[in-house]
Amino acid sequence: MPPAVLAPVPYAKPFALELVRQMLRIRRFEERCAELYGAGAIRGFLHLYIGEEAVAAGAVSALQPEDALVGTYREHGHALVRGIPAGVILAEMFGRREGCCRGRGGSMHLFDAGTRFYGGNAIVGGGLPLAVGLALADQRLARASVTACFFGEGAAAEGAFHESLNLAALWRLPVLFCCENNLYAMGTRLERSQSEPDLCLRARAFRMRAERVDGMDVVAVHEATRAAAAEVRAGRGPFFLEFRTYRFRAHSMFDPDLYREKAEVEAWKQRGPLHTFTARLKEQGLLEEQEFLALEREVVAEVEAAVVFAAAGTLEPAEDLLRDVCAEGRS
Amino acid sequence: MSTTYREALREAHRDALARDERVFLMGEDVGRYGGTYAVSRGLLEEFGPERVRDAPLSELAFVGAGIGAALGGLRPIVEIMTVNFSLLALDQIVNTAAHLRHMSGGQFHVPLVIRMATGAGRQLAAQHSHSLEGWYAHVPGLRVLAPATVADARWMLPLALAEQDPVVMFEHVLAYALEGQPGQAGEVDLARARVRRTGERATLIAWGGTLAKSLQAAELLAREGVECEVLDLRVLRPLDEESLLASVKKTRRAVIVDEGWRSGSLAAEVAARISEQCFFELDSPVRRVCSAEVPIPYAKHLEDAALPQVAAIVAAVRTVL
């Protein structure tokens with residue numbers, strides 16, 4: 001577990017509150033998702049991000065609108081921070097036409113062209129080659145965009161990880177590799193599945209700059225991402241960030257979570273990104289309890305409005321099943 | 001003017017690269033080496049390393065990078081050295097390229113052309129002799145092409161590049177030296193099967209590497225007075241059912257020639273469609289000539305025995321007459 005010594009928050013109040021708000025949005029949204037899953041409104045796989053909010057809130061907020069984002073099947077948080085409306089995300093999980101993918105994708109496949117959000121990839125490591133290609137197009141067309149590619153530490157065991165890091169470094173492509181190391185690939189701990197658990201070392205083997213970041217500290221995440229993205233944007237090749245984080249919930253709604261000690265989970269919860277950050281802000285006089293409660297009310301209202309929106313969503317007619325398999329008029 | 005299949009492909013690439021800045025070729029040894037089958041020889045010198053891009057032996061990553069580049073606004077042609085190695089990239093081709101449009105509710109599409117050599121016949125043994133076109137033809141979201149003539153080699157590529165969705169193009173390893181007329185742009189499409197020889201007694205249905213063998217078989221049969229029609233499917237997904245059924249309804253007999261293994265083959269799909277849609281017009285059961293269900297062996301006599309041969313095609317036709 002990374003050290004819990006946290007530096008003062010270097011932000012003015014508005015941005016500090018914005019980071020709280022984003023983490024709170026993810027937390028409350030997903031808590032509601034879990035309930036809705038229990039109620040049968042959401043089906044299929046549902047992978048919660050609770051505990052890891054500092055990574056999406058800190059990293060995605062450090063990107064520019066012209067940047068691209070490639071995510072995994074645990075991507076609700078990134079989608080929310082990137083700006084896909086909560087209602088549209090939830091409608092997708094409800095399988096409704098008003099969802100971002102008209103109900104074709106569900107929780108694991110959120111996409112949004114408007115914010116350059118390229119999924120929502122449910123094949124571990126599957127997004128890395130895609131990110132390399134997006135960056136290749138940006139490089140060729142001389143666009144100053146960064147492609148931020150999120151993936152878990154489990155992906156580092158895939159061939160796609162090695163092939164993609166090699167290509168990105170070889171061609172000096174503007175990819176920001178954002179590894180969310182939550183220690184467990186489903187139920188298998190990193191040390192039990194990878195001979196070299198130091199992921200930064202492996203990135204450096206490709207002559208790529210790499211940095212380990214406390215993924216429970218939203219400030220550390222944001223600062224590291226901002227600095228790395230600036231390097232990448234300046235044409236100095238790809239960058240690898242390893243965010244040390246932890247998921248508080250099970251891998252998915254089907255996971256009985258038998259592979260971790262309760263004490264370990266509890267210890268990480270002590271370092272929860274939301275309450276540690278708000279405590280720091282309060283200590284620094286940047287946040288009053290009343291302000292936090294107001295923020296909380298605002299976020300809960302947003303989530304409830306999203307539930308209403310999703311529940312009122314319509315179903316795509318089954319006659320449109322084959323729509324968008326190929327371009328219109330093609331088969 | 002006569003040219004070769006290889007040169008026709010090269011001309012197609014040169015033309016595409018010259019016409020559209022967004023087009024680039026990427027794959028193993030496509031640049032400095034000149035292409036494993038010499039398709040891209042000279043193109044590096046002409047267009048530079050950005051547009052004729054040598055990739056490391058990372059099929060999964062460079063095919064995926066092709067997908068990403070297509071999403072990012074480029075028009076990549078990704079060459080996979082052979083279909084055998086495409087298995088290393090299958091995840092990206094199926095899970096991403098083919099599914100992205102539908103999975104994203106139509107927000108994203110992947111205008112990517114993937115070319116690869118396919119087939120056996122050069123004593124390259126089990127791991128270099130696959131014919132897996134049928135696997136790709138199984139997947140919704142892909143368009144699958146099998147150019148078997150010089151004209152198709154010349155003109156399918158620009159049409160594939162104009163598509164909005166991923167196109168997988170199979171070039172049989174024995175076709176590169178084929179000579180013929182490149183023809184004109186307007187003579188080629190990506191939709192229809194083509195009758196390569198007309199006849200009344202039976203329809204031989206072939207594509208890619210089995211077209212030449214089927215035409216030879218038809219020639220031998222014609223000497224005995226048995227005129228067969230030879231239909232080149234050309235587009236393996238989506239299948240041109242109309243042309244297929246029209247020919248079979250005319251001849252009332254069908255023999256399908258497929259270099260893939262029989263079980264679960266594209267030949268099985270074609271046979272099923274014929275049975276479903278013109279069963280009562282048939283005068284004989286549909287026959288298939290496929291590869292033996294064995295990893296393709298090295299020794300010449302064994303390889304020959306494993307693959308569909310002209311004599312087997314002729315024999316199959318005789319059983320349906």
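The points below go from confidence and overall fold to the contacts and a few individual residues.

1. Confidence. Please keep in mind that this is a predicted model. The predictor gives the complex an ipTM of 0.95 and a pTM of 0.96. For chain B the average pLDDT is 97, and 100% of the residues score at least 70.

2. Overall fold of chain B. Chain B has 13 helices and 14 strands. Its radius of gyration is 19 Å, close to the 20 Å that the globule rule gives for 321 residues, so chain B is as compact as a globular protein of that length. Along the principal axes, the C-alpha atoms of chain B fill a box of roughly 55 × 45 × 40 Å. Of the 321 residues, 56% count as buried. If you look at contacts in chain B between residues at least 6 apart in sequence, 79% of them join residues at least 24 apart.

3. Two domains in chain B. The domain assignment gives domain 1 (3–185) and domain 2 (194–320) of chain B. Their centres, taken over C-alpha atoms, are separated by 26 Å. Where the two domains touch, domain 1 of chain B gives 24 residues and domain 2 of chain B gives 22 residues. On the domain 1 side, α7 (133–137), β6 (143–145) and β7 (167–172) of chain B each supply at least two residues. By class, that side of domain 1 has 13 nonpolar, eight polar and three charged residues.

4. Contact between the chains. Chain A brings 35 residues to this contact and chain B brings 34 residues. On the side of chain A that touches chain B, the elements giving two or more residues are α5 (127–140) and α6 (159–170) of chain A. Which of the elements gives the largest share of that side? It is α5(A), with 10 residues. By class, this side of chain A has 19 nonpolar, eight polar and eight charged residues.

5. Helix α12 of chain A. Do have a look at this helix, which covers residues 289–311. At 1.5 Å a residue, its 23 residues should span 33 Å, and the end C-alpha atoms are 33 Å apart, which agrees. In α12(A), the residues A:Val299, A:Val303, A:Ala306, A:Val307 and A:Ala310 are buried. An α-helix has 3.6 residues a turn, so residues three or four places apart point the same way. What covers the buried residues of α12(A) includes α1 (13–38) and α4 (86–93) of chain A.

6. A:Glu211. Is this residue, A:Glu211, buried or partly exposed? With 15 other C-beta atoms within 10 Å, A:Glu211 is partly exposed. You will find A:Glu211 in strand β7 (residues 209–214) of chain A. Leaving aside residues up to four places away in sequence, A:Glu211 touches A:Cys200, A:Ala224, A:Ala228 and A:Leu241. A:Pro129 is 82 residues from A:Glu211 in sequence and 21 Å from it in space, C-alpha to C-alpha.

7. B:Val230. This residue, B:Val230, sits in strand β11 (residues 228–232) of chain B. B:Val230 has 24 other C-beta atoms within 10 Å and is buried; the cut-off for buried is 20 or more. Apart from residues up to four places away in sequence, B:Val230 touches B:Arg196, B:Arg197, B:Leu204, B:Ala206, B:Ser214, B:Leu215 and B:Ala218. Between the C-alpha atoms of B:Val230 and B:Arg41, 189 residues apart along the chain, the separation is 33 Å.

How values were computed:
Residues are numbered from 1 along each chain as its sequence is written. Chains are lettered from A and ligands numbered from 1 in the order in which they are written. This is a predicted model: local features need pLDDT of at least 70, side-chain atom pairs count only at pLDDT 80 or more; totals for chains, interfaces and linings use all residues. Helices (H or I, at least four residues) and strands (E, at least two) are DSSP runs, numbered from the N terminus. The radius of gyration is taken over C-alpha atoms; the globule rule is 2.2 Å times the number of residues to the power 0.38. A residue is buried if 20 or more other C-beta atoms lie within 10 Å of its own, exposed if 12 or fewer, and partly exposed in between; C-beta atoms are placed from the backbone. Two residues are in contact if their C-beta atoms, placed from the backbone, lie within 7 Å. Ala, Val, Leu, Ile, Met, Phe, Trp, Tyr, Cys and Pro count as nonpolar, Asp, Glu, Lys and Arg as charged, and the others, Gly among them, as polar. The expected span of a helix is 1.5 Å times one less than its number of residues. pLDDT is the predictor's confidence in each residue, from 0 to 100. Domain bounds come from an automatic or database domain assignment.
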